[in-house]
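Please walk me through this model in the viewer, one selection at a time. I would like to know what to pick next and what is found there.

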Amino acid sequence: MKRNQKILLSGNEAVAKSAIDAGCRFYAGYPITPQNELIGYMAKNMASSGGIFIQSESELSAISMVFGASASGVRAMTSSSSPGISLMQEEISYIAGAELPAVIVNIMRAGPGLGNIWPAQSDYFQAVKGGGQGDYHCIALAPSSVQEAYDLTLEAFVLADKYRIPAIILGDAMLGQMMEPLVANGKNYKPLAISHKPKEWAATGCFGRKPNVVKSFYLNLGDLEKFNLKLQKKYKNIKQKEQRCEALNINDARIILVAYGTMARLAKEAMLSLREKGIKAGLIRPISLWPFPQKIFQRLAISAKRLVFLVIEMSYGQMLEDVKLAVNGRRRVEFLGRSGGGIPTEEEIIKSSLSLLSS
Amino acid sequence: MIERIVIAGFGGQGIMFLGKLIAWAAMRENKFVSFLPAYGAEVRGGTSHCAIVISDKEIASPAFDEIDTLIAMNSPSVLKFIPKLKNGSKLFINASMVNNTPKIKGVKVRLLKFTDIASGLGNARTANMVALGAYLASKKLLSLKNILKLLPEAFKNNKKLQVLNEQAIKAGMNLIK
């Protein structure tokens, strides 16, 4: 394929293609709508790329196989949608506890329970607060376009290896299903030979060297606390270095819309309409949900005198809590959200913004 | 410029293929484009549909409520999507499969026998391409040349299918003259 040539792919396919381009050579997953194109792409292309594809008997075994593959030093991934991701939580905690890199893709549907297959963002808490046991975190990245689904999946593999941490791609059904043009080997593309660099901690067979141990089990009193302190130090470092967001028109803004993923595209459209009406509106789109891009909110909460934040989500207010923590009571933070398959419309966002500014 | 298209019909009428081909052609013409299939629990015998947005600016949402162009290949699609047609929009109806001819204020309705024409060419399944031809000629947003360039890849170099589909597209274009 020619460099910079555009191809038309769905978000699901873009994530899968990106993983293979990133050197992911192990994928296990179990089908679920609305992420089936992802597993379908892997089924079709993983073997011919020299990797292993397994359709597992359940989500539990899929994530367990990813644990095993990653422990042996291979770049590994699984994907599912909300209920399937819930089933994986115990093992994700094990992966975090064993300090293994892995990429987990959640193309969210609406919940709770079996819910339905329409777009939603109601798994935010699960992704950023840790859905499993223990004091751990996963890096969580939220693409808002097919191009970004590709770019951020590459990035997720790099970050996962760099920090030996599970990384989650959090998208919604709209992102997974929609097709858009994508430049797969454009400016952000680096051949990621790093995946085949030996990982000195991996369990690869210890002939002629000391055995490596991959585990998340510390029975002796004191050992686990020591390990947890090490983990916390790592998380602090990631929080310092890896906050990512897109900010538009924020410097003179009186109202800043805050949204992530596909919701941010509608928020951006609303922000631009508000500007056309002469209203000083801005937009912050968190790209890394963990670490949450706190710094920009902290700065604005101190420097901008008259400012209100309007958080917009396809949930009933999950990222809202992180915005409030970052703003820390210094400015007004309001919320607009729908869930269960409903999506806040541009019109609703504009109406909400106008009424906030007049109150 | 922004064009929001819905294509709807029975499963098996090539609705998704037509939608993807339009999106693909728009991409080749360096326009911003999104394609969103209806991926829900669709009912057999009901409608299958997809939504395409073509624009010269970044696209905010691939889903939308107001339609600029509706290509309706069967009766249920006409009923389902008529309420969403915008003032000044275009409606292409497959008259081979739709009997009632709606009159809607502010909507340019074209009743064209896509399936009959396709059958006349030798394969009723190319009705979607006849519809594409009518759309190309009427809306003049995408060029025939670019669509034709995509056919070899779309039909995996099957010459026979390429020729058949090309004929269908041209027959559709001839309907709008």
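A residue is called buried here when its relative accessible area is under 20%, exposed when that area is over 50%, and partly exposed in between. Bear in mind throughout that this is a predicted model.

**Stop 1: Gln318(A).** Select Gln318(A), in the loop that runs between strand S14 (308-313) and helix H12 (319-327) of chain A. Its relative accessible area is 11%, and because buried means under 20%, Gln318(A) counts as buried. Now show what surrounds Gln318(A). Apart from neighbours within four places in sequence, Gln318(A) is in contact with Glu313(A) and with Gln121(A), Ser122(A), Asp123(A), Tyr124(A) and Phe125(A).

**Stop 2: Leu87(A).** Stay in chain A and go to helix H4 (residues 82-87), where Leu87(A) is found. Is Leu87(A) buried or partly exposed? With 44% relative accessibility, Leu87(A) is partly exposed. Beyond its neighbours within four places in sequence, the contacts of Leu87(A) are Glu59(A) and Leu60(A). For a distance across the chain, pick the C-alpha atoms of Leu87(A) and Gly132(A): they are 9.8 Å apart, with the two residues 45 residues apart along the chain.

**Stop 3: Glu3(B).** Move to chain B and select Glu3(B), in strand S1 (residues 2-9). Glu3(B) is buried, at 3% relative accessible area. Show its side chain, then look for two polar contacts. One joins the side chains of Glu3(B) and Tyr135(B) at 2.6 Å; another, of 3.1 Å, links the side chain of Glu3(B) to that of Lys139(B). Setting aside neighbours within four places in sequence, residues in contact with Glu3(B) also include Ile52(B), Val53(B), Ile54(B), Asp68(B), Thr69(B) and Leu141(B).

**Stop 4: where the chains meet.** Display both chains together. Chain A and chain B each bring 20 residues to the contact. About 1700 Å² is buried between them, 65% of it from carbon and sulfur atoms. On chain B, select Met27(B), Tyr39(B) and Ala60(B), which supply 40% of the area that chain B buries against chain A, more than any other three residues.

Which side chains form the salt bridge between chain B and chain A? They are those of Glu58(B) and Lys268(A), at 3.2 Å from N to O. The count of salt bridges between the two chains is one, and five residue pairs are in polar contact. Finally, color the side of chain B that touches chain A: helix H1 (15-28) and strand S2 (32-37) are the elements giving two or more residues to it. By residue type, that side has 13 nonpolar, four polar and three charged residues.

Methods: Residues numbered from 1 in each chain as written. Chains lettered and ligands numbered in written order. Predicted model: local features only at pLDDT ≥ 70, side-chain atom pairs only at ≥ 80, totals over all residues. Heavy atoms only, no water. Helix = DSSP H or I, 4+ residues; strand = E, 2+ residues; numbered from the N terminus. Buried < 20%, exposed > 50% of the residue type's maximum accessible area, 1.4 Å probe, protein only. Contact = heavy atoms within 4.5 Å. Buried area = accessible area lost by both parts, 1.4 Å probe. Salt bridge = Lys/Arg side-chain N within 4 Å of Asp/Glu carboxyl O. Polar contact = N/O pair within 3.5 Å; in protein donor to acceptor, adjacent residues only side chain to side chain. Nonpolar A, V, L, I, M, F, W, Y, C, P; charged D, E, K, R; others polar.
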